[in-house]
Amino acid sequence: MALCPAFSIAETVAVATAAAPTAQGNGMNAMTIMNVFGSLIIVLGLLFGLAWLYKKLAIKLPGSSHIKIVSSVMLGPRERILVIEVQGKQRVLGVTSNQINMLFELDQPLVDDVAMPDWRAQFQTLLQKQKSKP
């Protein structure tokens, strides 16, 4: 009878050690952590790559065909001057963080240096360039 309490304590310790999480059994081993960080790096790389490609190709997304921004000049962190074209007339606007003012209307319209094609045409030319590469 004197050995019964010692035996029950030994049995309790054996059960607790068997139930304790091991390095492989808890789900957070080095391989799992590497997989998570590897996936994160791939996703972030893809995100930055697509942002760079978007900026490099200067793809113009479809927007309003009635209002066109012809030119823009930054004057400060929140101020700029815009030249917009509405109904064939070009107007100069002063834009701040609080308001937009029409400054004047241009008598002689500004000429676009390079007419940018729409984004579909740009995408088609990009695909054709990729197909023609060996």
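This report describes the strand sheet and the salt bridge in a predicted model.

**The sheet**

Four strands make up an open sheet, arranged in the order E1-E2-E3-E4 with antiparallel pairing. Strand E1 (67-74) and strand E4 (100-105) stand at the edges; each has a single partner strand, so one side of each is left without a neighbour in the sheet. On average, neighbouring strands of this sheet are turned by 25° against each other, direction ignored.

**Strands E3 and E4**

Strand E3 covers residues 89-95 and runs antiparallel to E4, with five bridges joining the two. E3 and E4 form a hairpin, and four residues lie between them. The table gives bridge partners, among them Val 95 with Ile 100 and Leu 93 with Met 102.

| Residue | Bridge partner in E4 |
|---|---|
| Val 95 | Ile 100 |
| Leu 93 | Met 102 |

**The salt bridge**

Side chains of opposite charge can pair when their charged atoms come close. How many salt bridges does the count come to? The count comes to one salt bridge. Glu 105 forms a salt bridge with Arg 91, and their closest N and O atoms are 3.8 Å apart. The cut-off for such a pair is 4 Å, so the 3.8 Å between Glu 105 and Arg 91 counts as a salt bridge. This pair links distant parts of the chain: Glu 105 belongs to strand E4 and Arg 91 to strand E3, 14 residues apart.

Is Glu 105 buried or partly exposed? With a relative accessible area of 35%, Glu 105 is partly exposed.

How values were computed: Residues numbered from 1 in each chain as written. Predicted model: local features only at pLDDT ≥ 70, side-chain atom pairs only at ≥ 80, totals over all residues. Heavy atoms only, no water. Pairing = 2+ DSSP bridges. Axes fitted to C-alpha atoms, helices over the stretch in contact; angles between N-to-C directions. Salt bridge = Lys/Arg side-chain N within 4 Å of Asp/Glu carboxyl O. Buried < 20%, exposed > 50% of the residue type's maximum accessible area, 1.4 Å probe, protein only.
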